[in-house]
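Here's a quick briefing for anyone meeting this structure for the first time. Have a look at the model, then read on.

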Amino acid sequence: MIRSAQASTVSFLRRVIAQKTSVGASSTTVARRALSDAPKPSPSLLAGDTGRKATHLHHAMTSFLALATPVVMFTPDSYTDGAVDKVFGVLVATTISAHSWIGMNYVATDYVPKISKSLLGPARVFNAALGLVTLVGLSKIALNNQGGVKGAIKGLWRPAQKEEIDIAVVEIDVYKKK
């Protein structure tokens, strides 16, 4: 009888240890999966913030903007006028649009479901539209012949030029018409 009690106790302890080990292992695995950056299937093409690639791309764009923008802005105009300015402007326009689109998707993913989970889709559509409008607007600025993005930024600090009318020229025109 003692041996059967010992055997049942041992088997009971083995079962408890096995259950705790399997529960501990599965909960650890579940916790690891929840915290991992493993790519999750994207619910739509508008979800720009899902997966490791989006995070990596977002950080790469941040680094590009932080490093390349000051270099081009402080380069003399004689070196950057023309094709260099236009290419840089379109590249900056694309990078800023994509960066803001991914960043706003992160904001939407974090905060929109707190209001309503059904608004997440429309918020993503709005973010994509905003990114597209940003791309079109900045690209138009980049491709104009008045200095592009660099000229627009410099124009913020330039004082407005007043047009001075030469009175003598106006008087001559008036006399010629008579």
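The protein has seven helices and zero strands, where helices (H or I, at least four residues) and strands (E, at least two) are DSSP runs numbered from the N terminus. Along the sequence that reads α-α-α-α-α-α-α. Keep in mind that this is a predicted model: local features need pLDDT of at least 70, side-chain atom pairs count only at pLDDT 80 or more, and totals for chains, interfaces and linings use all residues. Residues are numbered from 1 along each chain as its sequence is written, and side-chain values use heavy atoms, with hydrogens and water left out.

**The whole protein**
- Of its 178 residues, 19% count as buried, meaning under 20% relative accessible area, with exposed being over 50% and partly exposed in between (1.4 Å probe, protein chains only).
- The protein exposes about 13,700 Å², and carbon and sulfur atoms supply 68% of that; the areas come from the Shrake-Rupley method with a 1.4 Å probe, and for residues, only the protein chains shown count as cover.
- Take the contacts (heavy atoms within 4.5 Å) between residues at least 6 apart in sequence: 70% of them join residues at least 24 apart.

**Helix H6 and its neighbours**
- H6 covers residues 148-155, and its buried residues are Gly148, Val149, Lys150 and Gly151.
- Those buried residues pack against H2 (51-74), H3 (77-80), H4 (83-115) and H5 (120-143).
- Leu138, Ile141 and Ala142 in H5 meet Gly148, Val149 and Ala152 in H6.
- That H5 contact with H6 divides into five nonpolar residues, one polar and no charged; here Ala, Val, Leu, Ile, Met, Phe, Trp, Tyr, Cys and Pro count as nonpolar, Asp, Glu, Lys and Arg as charged, and the others, Gly among them, as polar.

**The nonpolar core**
- The largest nonpolar core has eight residues: Leu65, Ala68, Val72, Met73, Phe88, Val92, Ala142 and Val149.
- H2 gives the most to this core, with four residues.
- A core here is a set of buried Ala, Val, Leu, Ile, Met, Phe, Trp, Tyr and Cys residues joined through side-chain atoms within 4.5 Å.

**A buried lysine**
- Lys150 sits in helix H6 and is buried, with a relative accessible area of 3%.
- Leaving aside neighbours within four places in sequence, Lys150 is in contact with Val72, Met73, Thr75, Pro76, Asp77, Thr80 and Asp85.
- Val72, not counting residues up to four places away in sequence, touches Thr80, Phe88 and Lys150.
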